[in-house]
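Please read it with the structure open.

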Amino acid sequence: MELENSLLKQDTLHLEGKDVEIKSETFEKLMFLYSAALREVETKINILKDELKYLYNYTLIDHITTRIKKPESILNKMKKKQCNINYQSLIEEISDIAGIRIICPLKDDIFSVINLIKSYPEFKVLKEKDYITKPKKSGYSSYHLIIDVPVNVAGKMIYVKVEIQVRTMAMDFWASLEHDIKYKTNKKVSKKISKELIECAKLINKLDVQMSNMV
């Protein structure tokens, strides 16, 4: 069963208070489904991490982090994408409400993890973007997957989107710093800083390659 069929398609998102909040039974149900789907993926990845460590004594996955987007972030993204502010648009247009980030020691590990995730028959890959082979112009590198995850609710199987990002520790360091510079300082990034970020990304990529060659 598709997620949108389990909710009210015409139900409009309502905003309350100075800080953005969404208070409705439908929204709470929706966030429960995204959280359940995220836990399903997190459990699978943690088992995979432990299994590889036990069988091969190799740390293919260093650590993982998860998050559910806050209501304010969801609405801001919907507005940025010029979506209709209703649940149907939220479900169809916003694919990264539930997100898991997998951090690998080495660059080659990324593709091993991606292939293992794709091998799970219960996960359906909807979209993938390889920013490892072809980084963004900003220097950003990561591998993105959008998957459909089955969640069993009251005997019904509902498919929920989860975004997976896979990157190295060095790439994660760069991405976190770039995010802080661009979004937390509330300042426009100058051409000089953008150029320096690109140069740092190139150095990090070179470091990843050198580290891979040592193993």
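The points below take up confidence, then the strands, then a helix.

1. This is a predicted model, in which local features need pLDDT of at least 70 and side-chain atom pairs count only at pLDDT 80 or more, while totals for chains, interfaces and linings use all residues. Residues are numbered from 1 along each chain as its sequence is written, and side-chain values use heavy atoms, with hydrogens and water left out.

2. The mean pLDDT (the predictor's confidence in each residue, from 0 to 100) of the protein chain is 85, and 85% of its residues reach 70 or more. Over residues 14-21, however, the pLDDT is below 50, although this stretch has twelve contacts (heavy atoms within 4.5 Å) beyond near neighbours in sequence. Where pLDDT is low, the predicted coordinates should not be read in detail.

3. Strand 5 pairs (at least two DSSP bridges between the two strands) with strand 2 (residues 98-104) in the parallel sense over six bridges, and I164 is the bridge partner of I100.

4. With strand 4 (residues 143-153), strand 5 pairs in the antiparallel sense over eleven bridges, and Y159 stands opposite P150. These two strands form a hairpin with two residues between them, and A154 in the turn has a positive phi of about 50°.

5. Just after helix 1 (helices are DSSP runs of H or I, at least four residues), N57 takes a positive phi of about 50°.
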